[in-house]
Structures are given as C-alpha cells and as structure tokens.
Amino acid sequence: MSKRITVDPVTRIEGHLRIDVEVENGHVVNSWSSGQMWRGIETILKGRDPREAWLFTQRICGVCTSVHAIASVRAVENALQLQIPLNAQLIRNLILVAHSLHDHIVHFYHLSALDWVDVVSCLQADPAKAAVIGESLSDWPGNSRNTLKAAQDKIAAFVEQGRLGIFENGYWGHSAMRLSPEVNLLAVAHYLEALEYQRRANQAVAILGGKTPNLQNLAVGGVANAINLDNQATLNMEKLNRIRQLLREVREFVLKVYVPDVIAIGSMYPEWLGYGAGVTDYLSVPDLPLDAAATRFDIPGGTIMNGDPGTIEALHGWTDPRFRDSVKEHVAHAWYEGSDSRHPWKGETLPNYTDFQDDGKYSWVKAPRFLGKPMQVGPLAQVLTGFAQGHELTTKYANHVLTSVGNMAGVELGVGVLHSTLGRHAARAIRAAVLADMADNHWQMLVNNIGSGDLEICTPPVFPKGIIEGVGLHEAPRGTLSHWIVIEDGKILNYQAVVPSTWNAGPRDENDVLGPYEASLVGNPVADSERPLEILRTIHSFDPCLACAVHTHDPDGVSHGPVRIF
Amino acid sequence: MIKTRILALGNILVRDDGVGPYLLAILEANWEFPKQVELVDAGTPGFDLLPLIEDLESIIILDAVKGPGPPGSVHCSDRADILSAGLSLGSGPHDPNLRSVLFEAELRGTAPDKVMLVGMVPSDTSVGTELTEAVMVAVSEAEQVVIDILADQGVAAKRRANPRQPEIWWNHGAVNHA
C-alpha cells in the first residue's frame, strides 16, 4: 500500500514549488515536480526594442537578475553576430563570477545546510572540542573557541526568548539528523559568517553593476562602465582594487570554510552519496570568454550521457549548432495548449490550466529536452563535463574533495559518487573553488587590457531589416541558461528563456519520461512521512529557483502547513 | 551616510505586484529628500534583501500585501507586526521573505531600529506591466503615508516645485539609449 505525500510549498527555496511522492516500504516509488507559477516573459517583450529586453528579463527572477540580464544581451548580440569589446567580456565575467560565489554560499549555508545541521543541538556542544575539530579542518580564524562560544551564546539567547524564527522550519531531532553537537556548532557559526561573505561577493557585483539586484551597467554591444583610471565617477583603479580585495576575501572563505564544511558533512552522511542520482545525462555550456570574439573560454561545456565520462562531447563555444539545434520544450504535461514539443525560437506560452492530473498536466514548468532526452544541469553537470575534459582547476578541486571525504569516511571514492544528492553539494563547492581561483585571472586580464590603452566598452548595435534569430548562453549558478530571441525589423517577434530550473524541475515529457527532480527522488528513503526531510535534502541539493512571478508580502504567512499526507 | 532607505519590493512584470516600484518612482518624481535618505527599487530580491536592510537607522518598505480590505487598501506594519505574525516564516510565494530576512539581520545585530512596511492590496497579479485602476488610486494615499512616516522620524521631504516625469520605464514603449 503506497502513501502519497505532498510538500507544498517546498520551503527555503526561491519561488514556489510543489513536490508529490508515493512512498512504499519507506522508499519513494514515484514522484511529480510541479512549478506553481506561470512565466510569460514573451507576452511582455513582443514588439519591444531588443536593446531593452535585458531590463525586463532581469526582473523574471529577483534573485538571478544579473544572469538573465547577461543572457539577454548575449542573445541579441548572437542574432546580430556582434563582437563586443574585450573589456566588456571581462567586466561581465567578473560580475558572473562574483554572483555565482554569492549564490553558492547562500544556497549551501542559508537555504540547504539546515537539512543536515540541527541548530538546536549546537547548544549542547563544548566550544573547546568544536574548536579542535574546526582547527583540524582549516586554519580559519573563526574556528577558535571564543568565536564558536559567541555563536553558541547568540543562538542560546534567541532560543531563550522563544525567537528561533527562521530556524522553525528545520526538522530538529529528526532521526536522519546525525551530526555531533560540536559539528552542528561549527556549522551554525559558519552560517553566521557566511552572511557576511555572501554580502562581500554581492558588493563586488554592485560596484561593477551600479547596483544589485538589477544591474544598470549593461548594454547590447557591451557595458556602460566608462573606464578612466583617474576619474572618481568611472570605473577606476580604486574601485578595481576594492573588487579584487572583496573577491580574495570571499576566496579565503570558500577554501577554508565552505569546501571543508561540505567535506565534513559528506563524510558524516556517506549514504547520501548513494541516493538522489536521477537523470545522469548532463549538459553544461562554455562560459567566461577569454577573448573579445568569444572563441576561447575559461570553463568548458559539453554533454555526458548515462553518467559515463567516456561519452563526453564538448560544446564548442556559443555558436555550436549541436546545442542550438538540439533543444526542444515539451508541454504534454505542462499547463499550456497542446501536447507537442517546440524549438524555443518557435515556442508558445498559451496557458491551459487543468487541475493537478497525475497522468495529465500538472505543472507550469515546461519540459526541455536535448536530443529528446531530459538533461541534468547545474554545478554537477559543469564539474563532470569539465572533469571529463581534463579541465585543470576542476580536476584539482574535485580530486581534493573526493580524497578528503574518502579519508574522513575511511573509504575510497571515485568521481562516480558525485551522481547523488550530496554529490550536487560537493560539485557546487568545487565549482565555487574553481571560480574563486579564476576571479583573480579575469581581474588581471581586465587591468592589463586597460593598461595597454584599450578603453573600449561598447560596440553599438545596428538592426537589419528582416528576421534574425539569436541565442544567448550562460552557465549560471544553477546551470545552463539560454535566452532565445527572434527579431523582425528591429523589434522582438518572439522570446523564450529556457532556465536551469526548467531543465531540472520540469515535468514528464510526451513519452512520460521523468524530469531530473522527479527521477532523483525515486529510491530515496523517507523515515517519517509527516516530516519528509529526505525529500527536502534531495530537492534542495539542486538549488531550486522558481522565483519568477508573484511576490506579495503575506502578513499571515501560509494558512496550510507545507506537508500533506494522503 | 545613508540612514534611511525607502525600499520598493515587487515584480513589475506581474501588474499590481509592481506597485512598490511604481510608488517609489512617484516619490522620486514629486519629492526632494535629504542626503541621508536613499530610494532603492530592489525588485524581488529574496535573500539579497538582507544587505539592503542592514546598517540603517530606518527602513521603509513599499510592497504589495495580501489583504485585509479591498484592492487599493493601504496598510502600515511595524517591526513587531512583521516579526510576530506566527511561525510560518519563509513560506510565502516568494521565499525567503521580509520576515525571515529581518530575522537574519537581528541575528547579525544589524537590523534597523525603525522598520515600517507600507503595503498596498493588489487586485490583479497576472502577467503585464500596467497597474489596475484600484491600485493606481491607492498610490497617492500611500505616497502621503510615506512622507508622514518620514516626518514622524524627523526627516523632512520637500515637495518639488516642478515635479519630474516619473520614471516608470516598464510602461514606456521605449527606453532612452543615449
């Protein structure tokens, strides 16, 4: 006899997601992922000037503003075959790196660590013992006894006042929570410190972007950051030095706190390296161009099928027809008219809401497919495709994490364990370390290029008569993002955004093949159906972001609980 | 040094949900503010709201709120109202929400002393960039509410002798690309 569990909404994510699972004998046997918001950006963009599309697309999601802005200008530039100045590429790269670092830190500590960390338990910890454990992980100054004691006192004061507030969503005392009080205390202290370092990463974005969220410095053809090293009002040496300093501080945090914490949690929950694989066909796209013409990239992209690194096929830049011609979106199980699949340039978004139908339509998210297959995207896809191509920094940090977890858990671990719930967290930390290392190089390239006398920042676009098509790619924090644009006589004719959470959170396709969220849940244990912590662990590991529509402050909170059981 | 931030929240792509940014543009067009006051349109920042409410004396948030009352009703909530509304933190349609981010700031010891939410009840939050009539009417009432809150806090905004054209760029057919 199976039991149906509905988690609606999944909390501690950006946006609104509903997950349904059927559980038999303590394990998930079937699942449905349902995005609960309609996205219809093209209805707003049709007929508008392509040069202003980015201002609107960065409002699709208030959390991922810079990624949707940059993908949008890249789409228009791709349609125009417009080469932008090297300074513009590098300034965009620095924004993307800083945003990714911010995003990965927030996701791990503030949106998902509480799936593994029991905050209340940290009150039982001995700070001196916790400091010994912390110092064995790294020489981070925040691992001292005094700092840990201060964090414990802070939490104790909030608990005494009955103000656990944000932590109330945690599943304290759940049988699947296994860290010692001391490790929980370390994690809580790092949660507090991470608030500071995510902020520093964001400051770097704000200096370059004018502000964040919602960049102001972009333009189709480049950026709007006037460069004059001696002028207070422009991008100058003082601002550039501040950016480098901020990114170096964030790098310290990533290498000495974030990566060791992921290693520690991985070694204490090794069984979660065995759950949550789901779809093991992976897709990533190249990013961080190293030249103005975007012929060389700092991070590679490609595909891997059936989890086999031997199947690696690299994607060659942003104009590779293998990507451009292989993407279709299916609506057989999504609340849109029809049941066919369409290439994004031909895409439609005609709503057709039914009830939640297990065998019919049940989500506002479309189901993207690559060569007809669902693909997992995200840091794991990027790390696996980079590793398979021998990408140096990816290989270095992947080996470091795998060896360290293996040593602590007393087992030998190959790259195959990354196909898992905790593997996605490990991959995100690996990606953060890789990007943190790259930041300095892109900064240096920018300063060298400016120093050589090149102050170009924008190549103004000219729109031809007739119809042109373009795609803008970005390997975003949550994975492969593509914006697809059709322009007629300088006006937008069609626009579709195929976002990472569409790839991962999408429903079944017309052949009833499960999407990555859905497939990853099958086989997961569920110890307590009233508190399905394990479902949250696997779903959160993807870093879900469906914050793309309504944001209304609700003074009463939510009237129904987040979990329903039938 | 910025001491007071007027922060608009909401998504301009879904009609009345964008009433916060709309009100912000009206305030900017009609009023001159002292240097210590900053006006920011933050969109729907989720967790990125945190740095925007930190290290201030006062934060005034403009946002769409669910009821009570008919569309266009204007409600003010203070810090205690926002923090005390039950335990259902971080479960709203946009998540993490104002309440959970305010809590994080308290945990860090960086929360402003004065927190006011000026909320307006929406009518239509479907895809589109125009406000509905009912909510449009509420904007001038809410505008005065914000000015009064500032006055209560000892901050004098001055009505512009020649009001500017409000920068509601999302409603315009074209953007200035100069």
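How many residues does helix H4 of chain A have, and how far does it reach from its first C-alpha to its last? Helix H4 (residues 86–112) of chain A has 27 residues and reaches 37 Å between those two atoms, close to the 39 Å expected at 1.5 Å a residue, where the expected span is 1.5 Å times one less than the number of residues.

This is a predicted model, in which local features need pLDDT of at least 70 and side-chain atom pairs count only at pLDDT 80 or more, while totals for chains, interfaces and linings use all residues. Residues are numbered from 1 along each chain as its sequence is written, chains are lettered from A and ligands numbered from 1 in the order in which they are written, and side-chain values use heavy atoms, with hydrogens and water left out. Helices (H or I, at least four residues) and strands (E, at least two) are DSSP runs, numbered from the N terminus.

Because 26 of its 27 residues are buried, H4(A) is largely enclosed by the rest of the structure. Here buried means under 20% relative accessible area, exposed over 50%, and partly exposed in between, with a 1.4 Å probe and protein chains only.

Helix H11 (residues 392–409) of chain A contains Gly406(A), which is buried with a relative accessible area of 3%. When residues up to four places away in sequence are not counted, Gly406(A) touches Val411(A) and Leu413(A), contact being defined as heavy atoms within 4.5 Å.

In chain A, three strands form an open antiparallel sheet in the order S7-S10-S11, where two strands pair if DSSP finds at least two bridges between them. Strand S7 (282–284) and strand S11 (308–315) are the edge strands, each pairing on one side only, and neighbouring strands of this sheet are turned by 15° against each other on average, direction ignored. S7(A) and strand S10 (residues 301–305) of chain A pair over three bridges, and the partner of Ser284(A) in S10(A) is Gly302(A). Helix H10 (residues 379–388) of chain A packs on the sheet, touching S7, S10 and S11, and its direction makes about 85° with that of S7(A); axes are lines fitted to C-alpha atoms, for helices over the stretch in contact, and angles run from 0 to 180 degrees between N-to-C directions.

Elsewhere in the chain, S15(A) and S16(A) form a hairpin with two residues between them and pair in the antiparallel sense over ten bridges. Glu475(A) stands opposite Thr480(A) in S16(A). Strand S15 (residues 467–476) of chain A is mostly covered, with eight of its ten residues buried.

**Aromatic pairs**

A search of the whole structure finds 22 aromatic pairs over all chains. Rings of Phe, Tyr and Trp (its six-membered ring) pair if their centres lie within 6.5 Å, and planes under 30 degrees apart count as stacked, over 60 as edge-to-face and the rest as tilted. Two of these pairs are listed below.

| Pair | Type | Centre to centre | Angle between planes |
|---|---|---|---|
| Trp116(A) and Tyr269(A) | edge-to-face | 5.1 Å | 65° |
| Phe323(A) and Trp484(A) | stacked | 5.9 Å | 15° |

Trp116(A), in the loop between H4 and helix H5 (127–137), and Tyr269(A), in the loop between helix H8 (237–268) and S7, are 153 residues apart, and both are buried. Phe323(A) in helix H9 (residues 321–324) and Trp484(A) in strand S16 (residues 479–488) are 161 residues apart, and both of these are buried as well. Ring pairs also link Phe108(A), Tyr109(A), Trp140(A), Tyr197(A), Phe253(A) and Tyr258(A) into a cluster.

**Chain B**

Chain B has five helices and seven strands, which run β-α-β-β-α-β-β-α-α-β-α-β from the N terminus on. Of its 178 residues, 63% count as buried. Ser77(B) lies in strand S5 (residues 74–78) of chain B and is buried, with a relative accessible area of 17%. Leaving aside neighbours within four places in sequence, Ser77(B) is in contact with Ile82(B), Val115(B), Met116(B) and Leu117(B).
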